[in-house]
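Hi everyone, thanks for coming. Let me put today's protein up on the screen, and then we'll walk through it together.

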Amino acid sequence: MTARIHVGPRVNNFGDLLGPEIVARIARSRGLEERPDLRRILTVGSILHLARPGDVVWGSGANVKEPAPIPRDLDVRAVRGPLTAARLREGGNRSSEVFGDPALLLPHLWTDDELGIVRGSGGTVLVPNLHDRHRFPPTALSPRGPALEKVRQIASADSVIASSLHGIVVAEAFGVPAVLVAASTEPAFKYEDYYAGTGRALPVAASDWRAALDTPPAPPLRGWDAAALLEAFPDDLWSTSAAQTP
């Protein structure tokens, strides 16, 4: 399968690397073949500042740390949340009311056995943001490494404490209680955008991982429907040998 899936600079951050895995999995499951349309797909991550006119957006988010404006003339199918949608409209783009980080689709696309997940076997897993590793103990899960291996470890946990957005997203996708820790360098925007995109308010973040041990997790996902995000997948960019919805 030929695919041009933009994930930004590859720093081996597992959250950024989930997008290509998810897009390839959906394409295979739907019998999608070579892509005659070579427009880029922007998916998991706060990468809209890297977009070019004509790019397809499916689940990406805005990054308020970046000074580069979001370009116009994007083909927006879905976004991470309503804050990103508002940013797109402010910049002159037509946005979408389909919300959700595509990493929430992981349990809809892979079985536990395929990923090696053993539910409830991993204890409490700490997942720092890439820039927060110094604030977590050495035993914390590194955000670098093979994306699906990180998913296995997070989904096998009893609970997750994370300043990594995708540590939170993956945990909640698999029903693992997750406590947000305030990140040292990340504005609240992307976290608030994610929670709002799943119908919830931004929870009060713990000041550090120790405080998080006594902090209740955010309310679980209820009411967010994966079907709308799956239906918004841009399969029209491929030729199709069979139409099978995962």
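**A first tour of the model**

Let's begin with charge: there are 26 positive and 28 negative side chains in this protein, and the centres of those two sets sit 4 Å apart. Please keep in mind as we go that this is a predicted model.

Now for the overall picture. The fold has 9 helices and 7 strands. If you trace the C-alpha atoms along the principal axes, the protein spans about 50 × 40 × 35 Å. How does the radius of gyration compare with that of a compact globule? For 246 residues such a globule would come out near 18 Å, and the protein has 17 Å, so the two agree.

The exposed surface comes to about 10600 Å², with carbon and sulfur atoms supplying 50% of it. Contacts also reach across the sequence: among those with a separation of 6 or more, 61% are between residues 24 or more positions apart.

Let's zoom in on helix 6, which runs over residues 165-173. How many of its residues are buried? The count is 9 of 9, so this helix is mostly covered. The buried residues include L165, H166, I168 and V169, and also E172. Just after helix 6 you'll find G175, which takes a positive phi of about 80 degrees.

Next, a loop residue I'd like you to find: N129. Look in the loop between strand 5 (124-127) and helix 5 (147-155). Is N129 buried or exposed? Its relative accessible area is 7%, under the 20% cut-off, and therefore N129 counts as buried. Which residues does N129 touch, leaving aside its neighbours within four places in sequence? The contacts are P143, S163, S164, T185, E186, K190 and Y191.

Last stop, the aromatic rings. The model has 3 aromatic pairs. One of them is F233 with W238, a stacked pair at 5.5 Å centre to centre, with 20 degrees between the planes. Both F233 and W238 are buried. Ring pairs also bring in W58, so that W58, F233 and W238 are linked into a cluster.

If you remember two places from today, take N129, buried in its loop, and the ring cluster of W58, F233 and W238.

Conventions: Residues numbered from 1 in each chain as written. Predicted model: local features only at pLDDT ≥ 70, side-chain atom pairs only at ≥ 80, totals over all residues. Heavy atoms only, no water. Helix = DSSP H or I, 4+ residues; strand = E, 2+ residues; numbered from the N terminus. Buried < 20%, exposed > 50% of the residue type's maximum accessible area, 1.4 Å probe, protein only. Contact = heavy atoms within 4.5 Å. Rg over C-alpha atoms; globule rule 2.2 N^0.38 Å. Areas by Shrake-Rupley, 256 points an atom, 1.4 Å probe, with all protein chains shown as cover. Lys, Arg positive; Asp, Glu negative; His and termini not counted. Charge placed at Lys NZ, Arg CZ, Asp CG, Glu CD. Phe/Tyr/Trp six-rings, centres within 6.5 Å; stacked < 30°, edge-to-face > 60°.
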